[in-house]
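Hello,

Here is the structure I promised to hand over. My notes follow below it.

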Amino acid sequence: MTVEVVAVLALDGVAPFELATPGQVFGTANEAAGTVHYEIRVCAPGRSATTAAQHGAFRIDTPYGLEGLVGAHTVVIPAHAGFLTPPPSDVTDALARAAAQGARLASVCVGAFTLAATGLLDGYRATTHWQYAEEFARRHPRVEVDPAVLFVDHGRLITSAGVAAGLDLCLHLVRRDLGAALAAATARRIVMPLQRDGGQAQYIERPAAPADPSALQPVMQWMESRLDQPLTLADIAGHARISVRTLNRWFREQTGTTPLQWLLHARIHRARQLLETTDLPITLLADRTGFGSPTTLRHHFTRHTGTSPYAYRAAFRQREPLGDR
């Protein structure tokens, strides 16, 4: 098996949690696989960096400077305290060279500001911490900013939302590289769901909230138990014993999306699970996920995942399940 280098960029003021996340996830994937698939490098200009003061500053020394990005398969760009100041040219040049050599570049939280400074995100959709999304959009008008999602994957350019979304991002990359079974084994070892439901919209501060913040949970569970059935807004509101208007408002306030969009994402998530774990024909899979027809399933699945159900199954059912060793 080829060992792939994951280079983690440590700039002064780096957030320690986000700096450590790639090593934790990719290193755990090595343990779960029983072999070394990833080599993790921490790369810092001058081979030294100090972590963010507000998180308890400490100095890190590493054998790798910016030259460590050369030859990397993946470069992870964590947040750092000076993200609003344009990065030095040697940093952006090193990132651009790594991209030109075929590396995939992945930012965590406001690390997206550093990645965007290279110009590589121009013309692409991207995300960052919701708190800084407006500032990101103002500084980088050629980037389409989506503050509601946990991460955006364009293949060689991946951006993720705030802090814990770095875990989602790294697990997603393990899933791309090694398949769903090994990614699931990795997620279990770090006590993390392989894929969290919803996006960061649910964490955005909003002044108004339903009187009972837990009111939607039973409704969501009821919807998930009926993904194979046609559900209308009236059906859902009737089960919850509230008006359609109140239902829409509660979903907006608690999840950042509408009931029907939430239902669509739940159906796509169920379709992914079935594609990964069964050999059900697409016709039957479309019935079990409530899409009704293979055509409708293919349309929504491709639109939301960037690949077809057939290609997704080929990618994630082609390896033998590894389990949790």
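**Sheet, helices and core**

Strands β5 (residues 74-77) and β6 (residues 104-107) run parallel and are joined by four bridges. Strands here are DSSP E runs of at least two residues, helices H or I runs of at least four, both numbered from the N terminus. V75 stands opposite L105 in β6.

This is a predicted model: local features need pLDDT of at least 70, side-chain atom pairs pLDDT 80 or more, while totals for chains, interfaces and linings use all residues. Numbering starts from 1 along each chain as its sequence is written, and side-chain values use heavy atoms, without hydrogens or water.

The open sheet has six strands, ordered β2-β1-β5-β6-β10-β9, with mixed pairing. Pairing takes at least two DSSP bridges between two strands. β2 (38-43) and β9 (151-153) stand at the edges with a single partner strand each, so one side of each lacks a neighbour in the sheet.

Helix α1 (residues 16-33) is mostly covered: 13 of its 18 residues are buried (under 20% relative accessible area, 1.4 Å probe, protein chains only). Just after α1, G34 takes a positive phi of about 75°.

The largest nonpolar core has 61 residues; L69, V75, L95, L121 and V174 have the most contacts inside it. Such a core joins buried Ala, Val, Leu, Ile, Met, Phe, Trp, Tyr and Cys residues through side-chain atoms within 4.5 Å. Helix α5 (residues 165-178) gives the largest share, seven residues.

There are zero disulfides (cysteine sulfur pairs within 2.5 Å). C43 counts as buried because its relative accessibility is 0%.

Best wishes

Definitions and conventions
Buried < 20%, exposed > 50% of the residue type's maximum accessible area, 1.4 Å probe, protein only.
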